[in-house]
Amino acid sequence: MSVMTIVQAINNALDIKLAEDKSVVVYGEDAGIEGGVFRVTEGLQKKYGVERVFDSPLAESAIVGAGLGMALSGLRPVVELQFDGFTYPAFNQIISNVSRMNNRSRGRYKVPMVIRFPYGGGINALEHHSESPEALYAHIPGLKVVIPSTPYDAKGLMIAAIESDDPVIFMEPKRIYRAIKQEVNDEKYSIPIGKAKVIHEGTDVTVVAFGAMIRECQKALVMAKEAGISVELIDLRTIYPIDKETIAASVKKTGRIVIVAEAPTSFSVGAELMAIANEEAFLYLEAPPKRVMGFDTIVPLAKGEPFYMITPDRIFYEIERTVKF
Amino acid sequence: MIFNDFNPLEDKTFRIIDNDGKVINNELLPVLDDETVIKAYKAMLFARTADEMAISFQRQGRMYTYPPNNGQEALQIAAGMIMRENDWLVPAFRELGAMLAKGVSMKEIFLYYMGYEEGSNFKNANHVLPICVPIGSQLLHATGIAYSVKLQKKDEVVFPFIGDGGTSEGDFSEALNFASVWKVPVIFTIQNNQYAISVPVRSQTKSVNLAVKSVAFGLPGIKVDGNDFFAMYAAYKEAFEYSKAGNGPVLIEAYTYRKGAHTTSDDPTKYRAKEEELEWEKADPLKRLKKYMEGKGIWKENEEKLIEEYKLEVEKQFTEAENFRPYPLEDVFRYMYTDMPDDLKRQKADYEQFLKWKEIRK
């Protein structure tokens with residue numbers, strides 16, 4: 001066991017897969033010599049050489065499009081896009097080709113590819129560095145979308161993502177890249193994609209979150225406990241394929257659901273979770289499903305960002321309102 | 001035409017003064033009176049002073065991530081001197097000198113990097129687009145503006161900027177192609193400062209230089225010593241006359257060096273050698289222009305005193321930015337649409353309810 005941050009845990013997962021599988025390649029802007037702007041790929045080029053871990057020219061569409069070609073011809077590329085807001089030049093390749101090749105070729109061409117990028121706000125960043133585009137990617141048929149919230153999960157999910165024969169969008173919560181340290185197995189292990197995790201059992205209300213919002217929810221749970229509210233906290237871990245069973249079972253038990261995420265509220269993963277609560281547990285609901293999510297606005301620059309970011313007291317406020325409904 | 005004499009296919013670089021400020025190409029030295037040259041140097045010195053202060057304010061935790069401009073002043077000020085009030089500046093995010101020349105204030109620059117969108121609302125600068133972070137995308141906006149200018153028969157020229165890394169983006173090629181096909185007045189500047197964060201230009205392209213990328217799209221291109229104020233000025237002057245006359249777009253590669261970090265979050269020691277930095281120090285654009293002026297005996301100012309004056313001015317603007325009004329909740333919402341949709345009004349009202357609850361709980 002070693003104590004790791006999320007950055008180190010992902011680096012460790014890449015290290016393990018690069019070592020055991022010659023078909024794995026890792027590249028992106030600044031991913032080679034520098035080891036990425038967040039140092040997630042640090043040291044890997046030195047260890048595995050410039051042919052397997054390298055800097056690409058600055059072109060996100062090319063990074064993903066060329067990665068698709070590699071994936072179709074025997075490699076397992078793990079490509080890095082530098083920030084959430086810089087993934088959009090690659091959007092055409094992702095939505096038009098990466099997500100479709102398996103279906104288009106009737107299963108002849110699989111796409112064992114991971115597209116990883118840091119996402120989310122709360123770091124006082126410039127524009128395009130604070131976004132949560134999980135709904136954009138989860139809405140595309142043919143993609144898996146994964147978001148870890150802890151170092152342990154980050155490692156296990158990354159290994160599962162690299163081993164997946166389908167393309168995986170792997171979103172890394174940059175705000176907690178180094179904020180959480182945890183004991184992580186040094187050996188290889190994987191966490192199945194598509195399985196949510198109940199991280200705190202409770203009876204009054206189900207709270208579903210993922211990524212950096214888990215930590216905020218855990219703080220809200222302390223406030224809820226003081227107020228005598230028993231919260232069941234679910235870490236979604238995979239956005240798609242979404243784990244309906246875990247969510248439905250929990251909502252049936254508690255009768256209430258509060259969804260916490262940073263992305264804009266409308267047409268979001270939160271909307272999907274509300275649909276699941278309604279479709280799968282309608283007769284058990286004792287209060288309207290509630291979303292505690294970002295405004296339908298651009299994430300403000302640093303001075304306005306505190307309004308936008310979801311805080312523990314705001315989560316608690318909505319938990320309490322939902323329970324008292 | 002200078003552009004014909006410096007064929008990028010032959011990897012020629014247009015240069016007028018050397019590192020010692022000596023004129024090596026007298027024939028092409030632009031005709032500028034002493035006063036104008038002194039003014040240019042002062043503008044460069046102001047930009048550098050302001051830039052250095054911005055870095056130090058960032059280090060003091062008084063503003064957020066900032067992209068330094070140190071070393072790239074000559075080309076930016078040269079562009080700034082050519083641009084007229086109605087010409088368009090379409091920046092990426094490392095064009096401080098050009099923005100100041102167009103009338104953007106340091107207060108606005110500071111506001112932006114302190115985290116106020118209001119810093120992109122340039123009160124006294126005409127035709128300057130906000131900083132554009134998605135790499136290369138702004139070149140297409142410039143091309144569209146130029147089409148609009150042409151269609152409306154306006155006397156305006158568009159000046160977009162991009163870095164060396166940005167030339168790898170599809171948008172770069174698409175913008176050059178559109179501008180060339182449409183024959184519109186755009187002067188594309190590539191600030192080739194040798195690095196896209198950590199990636200050196202030799203890993204970015206196998207083209208012999210970046211100006212050569214103009215050839216395939218059928219527009220004139222030239223590689224210019226970007227640290228040579230006179231060469232940059234002469235190239236811009238000619239490009240400006242050419243585009244303004246309706247001949248279409250031009251590509252200028254300003255060959256320069258980012259003396260500092262990519263941003264204040266970056267550490268260049270990870271990817272480049274000290275020796276390289278020292279080598280480029282010899283080509284520093286301010287030192288070169290000053291040596292030229294000293295050689296000609298036209299520089300009589302007390303530079304230290306001048307810097308002190310500039311510092312006071314920058315400090316004053318920084319203080320104004322620091323004392324800017326608190327950020328109201330309203331500002332998160334009010335510029336999303338011309339008329340705020342009801343749903344956004346509700347989201348704002350809900351949040352205000354939460355704030356009230358929070359106040360009571362205190």
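This is a predicted model: local features need pLDDT of at least 70, side-chain atom pairs count only at pLDDT 80 or more; totals for chains, interfaces and linings use all residues.
The secondary structure of chain B consists of 15 helices and seven strands. Chain B is as compact as a globular protein of its length, because its radius of gyration of 22 Å is close to the 21 Å that the globule rule gives for 362 residues. Along its principal axes, the C-alpha trace of chain B spans about 75 × 50 × 40 Å, and buried residues account for 47% of the 362 residues. Of the contacts in chain B between residues at least 6 apart in sequence, 75% join residues at least 24 apart.

Between the two chains, 36 residues of chain B are in contact with 31 residues of chain A. At least two residues of the side of chain B that touches chain A are supplied by each of α8 (201–204), α14 (330–333) and α15 (342–361) of chain B, and the largest share, seven residues, comes from α15(B). By class, this side of chain B has 19 nonpolar, eleven polar and six charged residues.

Helix α13 of chain B (residues 303–322) has 20 residues, which at 1.5 Å a residue should span 28 Å, and its end C-alpha atoms are 28 Å apart, in agreement with that expectation. The buried residues of α13(B) are V314(B), F318(B) and A321(B); they cover an arc of only 50° around the axis and therefore lie on the same side of α13(B). What covers these buried residues includes α2 (34–59) and α5 (106–114) of chain B, whereas K305(B), E308(B), L312(B), K316(B) and T319(B) are exposed on the other side of α13(B).

Definitions and conventions
Residues are numbered from 1 along each chain as its sequence is written. Chains are lettered from A and ligands numbered from 1 in the order in which they are written. Helices (H or I, at least four residues) and strands (E, at least two) are DSSP runs, numbered from the N terminus. The radius of gyration is taken over C-alpha atoms; the globule rule is 2.2 Å times the number of residues to the power 0.38. A residue is buried if 20 or more other C-beta atoms lie within 10 Å of its own, exposed if 12 or fewer, and partly exposed in between; C-beta atoms are placed from the backbone. Two residues are in contact if their C-beta atoms, placed from the backbone, lie within 7 Å. Ala, Val, Leu, Ile, Met, Phe, Trp, Tyr, Cys and Pro count as nonpolar, Asp, Glu, Lys and Arg as charged, and the others, Gly among them, as polar. The expected span of a helix is 1.5 Å times one less than its number of residues. The arc is that of the directions from the helix axis to the C-beta atoms.
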